[in-house]
Amino acid sequence: MWQAEVRVDLDAIRENVSRLRAGTSAELMAVVKADGYGHGMVPAAHAALDAGASWLGVCTLDEALALRAAGIEAPVLAWLLVPGLPLHTGIAAEVDLGVASLPQLEEMTEASRQAQRPARVHLKIDTGLSRGGAILDDWPALLDAAAKAQADGLVEVVGVWSHFVYADSPGHPTTDRQLAVFHEGLAMVERAGLRPRYRHLANSAATLTRPDTHFDLVRPGIAVYGLSPVAGQTHGLRPAMTARARVMLTKRVPAGTGVSYGHTYTTGSDANLAVVPLGYADGVPRHASNTGPVQLGGRRRTISGRVCMDQFVLDCGDDPVAAGDVATLFGSGAEGEPTADDWAEAVGTINYEIVTRFGGTRVPRVYDGVTT
């Protein structure tokens with residue numbers, strides 16, 4: 001008997017990756033950072049590779065090394081690297097690493113000497129996000145230094161890349177401006193004498209809506225897990241995660257009964273209350289208080305009162321409800337249950353945050369579609 005679970009459909013991940021692969025001639029990097037957006041990094045990685053992904057993308061060096069420790073040999077790119085990390089361990093494990101500045105490149109060359117093999121690097125240009133990457137004014141110096149390091153046998157420049165600001169808003173002019181800057185940066189790469197195998201720019205949204213940005217490699221993240229980055233468009237993707245719990249306790253209370261901390265909700269009539277053992281320690285946003293949608297007894301209901309650390313309450317009116325009944329917070333929507341998009345709308349966030357919140361909590365993940 002289970003109390004609460006996050007259920008992940010690996011076949012849905014495979015279907016999503018297959019659909020994404022069918023829409024491009026580029027290779028596909030499945031981004032599995034943040035524990036696979038809460039779905040489990042290693043199982044998600046295996047499913048994506050099964051379906052035709054040829055690369056995996058992560059943020060941290062530790063994430064990349066965990067993939068290697070799990071026996072995954074596919075190319076992996078890690079790009080969020082602070083100074084002082086043991087980069088030589090990543091180089092020795094054949095992990096590709098992102099480089100966005102001269103100091104980072106210098107650290108990479110030293111790590112290469114330590115590992116006694118060239119570092120495989122992807123040089124990042126900032127095309128307008130103003131986050132990671134070298135700005136255009138600094139780009140030529142980084143390219144010249146990388147070309148020298150490559151000539152010295154310390155690095156291999158495998159890729160050049162950037163990241164979009166507004167690809168999730170199709171038609172936004174910033175996307176075209178960034179693409180133009182990327183082309184300008186690529187011309188500089190050629191003039192520096194570098195010939196990287198991979199040029200990559202497209203995230204999930206651009207993979208789905210902007211084929212002119214696909215170049216040699218696309219990097220879908222949220223779309224791998226069946227959630228669309230573009231509001232109102234599903235693109236045929238199938239959500240892979242379901243979050244649910246069994247009702248712990250029910251009780252009949254009179255009209256005017258205050259519910260949960262602060263009594264921010266009061267019953268309007270005599271009502272059956274259901275206590276569900278999931279809270280903000282399990283990934284339920286506290287700001288879902290009085291707004292979060294939940295399916296119970298074949299009907300959508302709304303969380304009544306404040307979400308607590310370990311539980312929340314549903315006012316079920318006169319509907320029969322019993323301990324042990326299943327309350328579904330979100331799923332694919334195929335059976336009328338709320339989706340991660342519904343939750344995002346209810347609490348004023350994005351579907352990425354909803355599913356990622358449920359990763360790494362005390363709620364066990366259960367997998368469907370596991371292959372041996």
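The model is predicted, so local features are reported at pLDDT of at least 70 and side-chain atom pairs at pLDDT 80 or more, while totals for chains, interfaces and linings use all residues. Residues are numbered from 1 along each chain as its sequence is written, and side-chain values use heavy atoms, with hydrogens and water left out.

The protein chain holds 11 helices and 19 strands; helices (H or I, at least four residues) and strands (E, at least two) are DSSP runs, numbered from the N terminus. Its C-alpha trace spans about 80 × 40 × 40 Å along the principal axes. Of the 372 residues, 52% are buried, where buried means under 20% relative accessible area, exposed over 50% and partly exposed in between (1.4 Å probe, protein chains only). A contact means heavy atoms within 4.5 Å. Among contacts between residues at least 6 apart in sequence, 66% join residues at least 24 apart.

The buried residues of helix 1 are L10, A12, I13, R14, N16, V17 and L20. They pack against strand 1, strand 2 (27-31), helix 3 (41-50), helix 9 (204-209) and strand 19 (365-368). N16 counts as buried because its relative accessibility is 1%. Beyond its neighbours within four places in sequence, N16 is in contact with A223, V224, Y225, G226, L237 and R238.

W139 lies in helix 7 (residues 139-151) and counts as buried because its relative accessibility is 0%. Leaving aside neighbours within four places in sequence, the contacts of W139 include L123, A134, V160 and M188, and its side chain reaches the backbone oxygen of G185 at 3.0 Å. K33, in helix 2 (residues 33-37), counts as partly exposed because its relative accessibility is 26%. Not counting residues up to four places away in sequence, K33 touches G57, V58, C59, E63 and W79.

In a loop between strand 11 (249-253) and strand 12 (258-259) sits T257. A polar atom of the T257 side chain lies 2.7 Å from the backbone oxygen of P254.

Finally, the second largest pocket has about 280 Å³ of space. Of its 16 lining residues, R7, T242, S332, E335 and E337 are the closest to its centre. On a 1 Å grid over the protein atoms alone, a pocket is an open set of points where a 1.4 Å probe fits, with protein on both sides within 12 Å along at least five of seven lines, and lining residues have an atom within 4 Å of a point. Strand 1 (4-9) and strand 10 (241-246) each supply at least two residues of the lining.

Key:
Points joined across faces, edges and corners; volume = space filled by probe spheres on them. Polar contact = N/O pair within 3.5 Å; in protein donor to acceptor, adjacent residues only side chain to side chain.
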